[in-house]
Amino acid sequence: MYIYTLRELIDFYKKRNTTVFVTFMDASKAFDRIDHWLLFDKLLARKIPLFIIRIFIFWYSQQSMCIRWGNTLSASFKVTNGVKQGGILSPTLFNVYMDNLSILLNSSNIGGRIGDQLINHLCYADDLCLISLSSAGMQQLLHICNQYAADHHLLYNGLKSFSMCFKPKTIKFNQPEFYLENRIIPSVTQCKYLGIMIDVKNCDIDMRQMRNLYANVNLLLRKFSKCSVEMKCFLFKTYCSNIYCGPLWYNSTKTAMKRLKIAYNNSLRRLLGIPKYCSASEMFVCLNIRSFDEMLRKYVLSFKSRIIASKNSLLICIINSPITLFSSIWAWWSSILMH
């Protein structure tokens, strides 16, 4: 959903001959840097019942930790900041801690608009993406983030943050430099974000999908070669029938799509020892396994249904705007589902 929203915004403005500046922010150990007393103040401001806040105060003021090295444990020491890693409430507490940053960014009135909705940032846990239609606006958003980080004992890593410039083909200029804590943010044309490769030119199939597919099949062949056909089919469905971010391959080339489809077919053939000259369609029907096209349609339909049913304000804004009428993503989805 996060990457879908970003892609739709970029395409929407590029089609209107507008440059989009995007900066992906990396917060260093964000969950570990939360100031407990600032967090408690924010909970009080939200009028959370006092008895719940007292429980949090007890939890976090009484916690102690030690370091384990082999079979040796260090002396216990107090922990005065951070929320528990893996805790059920930790993501919610972190969102409360960072919510004022979202309010400050929205109040800046910098960024793009879809209808009446201002969109200048996207947040997913401790990952922050800033969006601006001008270089000066982007630098102002970075200044707001930098100031908020200083006030809340957070630290953004300038070396692991990246800026990208999505330009229409008719516009040509060198990407300006942006600064975070007096450091230049690296400008890139491709980066990995939330496990997905984002490219300023296209959103073709990530070839890591093919490598992972072959790697999983080789693992199954090495460890489960003696299993029955039924078990191998079950393992194939579990480990090889997953196309991460497949519903966003709307700009992929036919060649790349065909290569991945062939890799999918050949992987099942190798696992079951089926000759290459055998029909792929007959193979999938007889084994009751979805073909690549069926699997892609399933993922596209599921993804589209989740977007339509979502209660997220940004997604609702996109759905109710003319974006979907001219969206390359929705046009590709229609061609996949109607195929």
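Visitor: What share of the residues in the protein chain is buried?
Guide: Of the 339 residues in the protein chain, 43% are buried. Please note that this is a predicted model.

Visitor: How many helices and strands are there in the chain?
Guide: The protein chain contains 13 helices and 14 strands. Its C-alpha trace spans about 65 × 60 × 35 Å along the principal axes.

Visitor: And what part of the contacts comes from residues 24 or more positions apart?
Guide: Such pairs account for 71% of the contacts in the chain with a separation of 6 or more.

Visitor: Let us turn to helix 1. Which residues does it cover, and what is its span?
Guide: Helix 1 runs over residues 2-14, which is 13 residues. From its first C-alpha to its last it reaches 19 Å, close to the 18 Å expected at 1.5 Å a residue.

Visitor: Why is helix 1 described as largely enclosed?
Guide: Twelve of its 13 residues are buried, so the rest of the structure largely encloses helix 1. Buried here means under 20% relative accessible area. The buried residues include Y2, Y4, L6 and F12, and also the charged residues R7, E8 and D11.

Visitor: Which residues have the most contacts inside the largest nonpolar core?
Guide: They are Y4, L6, F24, C129, W332 and W333, in a core of 63 residues. Helix 1 supplies the largest share of this core, with eight residues. Apart from it lies another core, of 36 residues, and F31, Y148, Y156 and C165 are among them.

Visitor: Back to F24. What does it touch?
Guide: Setting aside residues up to four places away in sequence, F24 touches L6, L128, C129, S161, F162, M164, C191, Y193 and I198. Two of these partners, L6 and C129, are also listed with F24 among the residues with the most contacts inside the largest core.

Visitor: What lines the largest cavity?
Guide: Its lining consists of E8, D11, F12, K15, R16, I323, F326, S327 and S328. Helix 1 gives the most, with three residues. Helix 12, at 323-326, also supplies at least two.

Visitor: Now helix 7. Which of its residues are buried, and which are exposed?
Guide: In helix 7, residues 229-239, the buried ones are K232, C233, L235 and F236. These cover an arc of only 165 degrees around the axis, which puts them on the same side of the helix. E230 and F234 are exposed on the other side.

Visitor: What covers the buried residues of helix 7?
Guide: The cover includes helix 6 (208-224), helix 8 (254-272) and helix 9 (280-287).

Visitor: Let me follow up on C233. What is its relative accessible area, and what is it in contact with?
Guide: C233 has a relative accessible area of 7% and is therefore buried. Leaving aside neighbours within four places in sequence, C233 is in contact with L272, L287 and I289.

Visitor: One last item: what separates the C-alpha atoms of C233 and K160?
Guide: The C-alpha atoms of C233 and K160 are separated by 41 Å, and the two residues are 73 residues apart along the chain.

Conventions: Residues numbered from 1 in each chain as written. Predicted model: local features only at pLDDT ≥ 70, side-chain atom pairs only at ≥ 80, totals over all residues. Heavy atoms only, no water. Helix = DSSP H or I, 4+ residues; strand = E, 2+ residues; numbered from the N terminus. Expected span 1.5 Å × (residues − 1). Buried < 20%, exposed > 50% of the residue type's maximum accessible area, 1.4 Å probe, protein only. Core = buried A, V, L, I, M, F, W, Y, C linked by side-chain atoms within 4.5 Å. Contact = heavy atoms within 4.5 Å. Arc of directions from axis to C-beta. 1 Å grid on protein atoms, 1.4 Å probe; cavity = no way out; pocket = protein on both sides within 12 Å on 5 of 7 lines; lining within 4 Å.
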